[in-house]
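Please walk me through this model in the viewer, one selection at a time. Where should I click, and what will I find there?

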Amino acid sequence: MRAAHWLAPLVLVTLILAAWETSVRLLGVPAYLLPAPSAVAYAMVDNAPLLLASAGRTLGMALAALVVASVVANALALALGLSPLMESAVRPLAVVLQATPIVSIAPLINIWAGLDHPERAVIGLAALVAFFPIFSGAITGLKAVDPDLERLFKLYGAGRLATLRRLRLPSAVPFILEGHKVAAGLAVVGAVVAEFVSGSGGAQGLAFRLLEAANRLQTAKMFAALILLGLMGAAAHAAFQGLETWVLRRWRGR
Amino acid sequence: MIETVAALHAVQVDYAGRGRALGPFSLALERGEIVALVGPSGCGKSTALRLLADLEQPTCGEVERTAGRGETSVVFQAPTLMPWASALENVALPLRLAGQADAVLSAGQALARVGLIGAEQAKPAQLSGGMAMRASLARALVTEPRLLLLDEPFAALDEITRRALADDIHAIWASSRPAIVFVTHNVEEAVYMAGRVVVMTPGPGRLAFETRIEAPLPRPPQFRTSPLFREQVERVSAALQQAMAA
């Protein structure tokens, strides 16, 4: 039964690829419209060094963005967790910022950071996208405290700092992990969007390879880049899922 | 001369939007006494407990407390343990918050007192419901409280575990004699646990009936089948029924 569940997606992918390959060949679809899977595979192998290097750059920028977002979001959430007044001050601002479509900010960030250092603009925008899930996860988590445990801390005379360290921060761990998992996926999206917007090849990431291939009507190469992007996103998600499961198992002891 | 550990003098608690939750209600706790508060759900029993713990302030009336900080302990309906911390760390918490150096040593002793030797490193999720409640009790005892407040501590446990824990609480009481307030809506449990049973009216709760259970504490074996126990259970039940009908 387990083997069947492992095999099922592989069988489905094989079937789709086979149908794609035969129909493209039988109908004589031009390669610039829809290349056959075999052509995509050739493009992948032919351009492997370039595509992999670009994928590495995109991944590197997304991870750097994730680190920046994590540091800033957690620090800010902690500061607000200590002061309810600060939180009231910041909350409406955060809501407006979050509701603004990030893509529309991209040209601005490009002007500020990207003219001389395109990778900084990419990291900045990806960090902005990754910021909110981590921030709202941490803020929610710091408040998701068992009210009876809170009473207990009050009963034993715990101060604000002791309550934060011994109660609210550990309570927030599952929420913070969940926020990072979502943010990891979004950071890749942010990196790709930023590179699209900057339009120059300065950052040399996968998104630029996509644009470059599109402009030259190298559709098979576009597909190859898209597949790498998809695999990268899936791998990032799986890595953070694994990390989350591992930490939570230690956190609650099973 | 009877020494009072804590008392509520004609206290009233009003919640904005929900109206009055409790009172006017008075209750005086003598040193080393076990009092059971019985009443229907929503009658303000838990509110009365939080007033005694100084976790809430009355809208009017007065709360008198001679037990200082760290001398009052509360056990809630759920074990209320920190899921990320071991049983030992959970029990050590009150001492750590008070900055005591030998917190872990005392916590180990408290765990032993409630029969949880060997479970020190277990996380709450690895404990059974009864074991988690024992850990919660150990945490309440670790500060050697003069006032122990139990808010329906057995509500989520099966009958066998409830009975074992009831006797354990009596044994603990016999060794350090804290004043205990025990909130429940189970009449038999109230009569078994307490030297004095106080029945409250439906919310806002007031005093409906009060009786002393003139039998030794801890309870002798077979106390539940004795005529005195049956008779008191009937009296308290009747009083509760009358209070709810009124």
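Which backbone nitrogen does a side-chain oxygen of D158(B) reach at the start of α5(B)? Select D158(B) in this predicted model and follow its side chain: one oxygen comes to within 3.3 Å of the backbone nitrogen of I160(B).

Now extend the selection to residues 159–176 of chain B, which form helix α5. Its 18 residues reach 26 Å from the first C-alpha to the last, close to the 26 Å expected at 1.5 Å a residue.

Next, colour the buried residues of α5(B): T161(B), R162(B), L165(B), A166(B), I169(B), H170(B), I172(B) and W173(B). The spacing is worth a look, because residues three or four places apart in an α-helix point the same way. To see what these buried residues pack against, show the chain B strands β3 (34–38), β6 (147–151) and β7 (179–184), along with the helices α3 (103–113), α4 (129–141) and α6 (187–193).

Then move to the open sheet of three strands in chain B, ordered β2-β1-β4 with antiparallel pairing. β2 (19–30) and β4 (60–65) of chain B stand at the edges with a single partner strand each, so one side of each has no neighbour in the sheet. From one strand to the next, the twist averages 15°.

Zoom in on β1 (residues 4–15) of chain B, which pairs with β4(B) over five antiparallel bridges. Pick H9(B), and you will find its bridge partner in β4(B), E62(B).

Key: Residues are numbered from 1 along each chain as its sequence is written. Chains are lettered from A and ligands numbered from 1 in the order in which they are written. This is a predicted model: local features need pLDDT of at least 70, side-chain atom pairs count only at pLDDT 80 or more; totals for chains, interfaces and linings use all residues. Side-chain values use heavy atoms; hydrogens and water are left out. Helices (H or I, at least four residues) and strands (E, at least two) are DSSP runs, numbered from the N terminus. The expected span of a helix is 1.5 Å times one less than its number of residues. Buried means under 20% relative accessible area, exposed over 50%, partly exposed in between (1.4 Å probe, protein chains only). Contact means heavy atoms within 4.5 Å. A polar contact is a pair of N or O atoms within 3.5 Å; within protein, one must be able to donate a hydrogen and the other to accept it, and residues adjacent in sequence count only if both atoms are side-chain atoms. Two strands pair if DSSP finds at least two bridges between them. Axes are lines fitted to C-alpha atoms, for helices over the stretch in contact, and angles run from 0 to 180 degrees between N-to-C directions.
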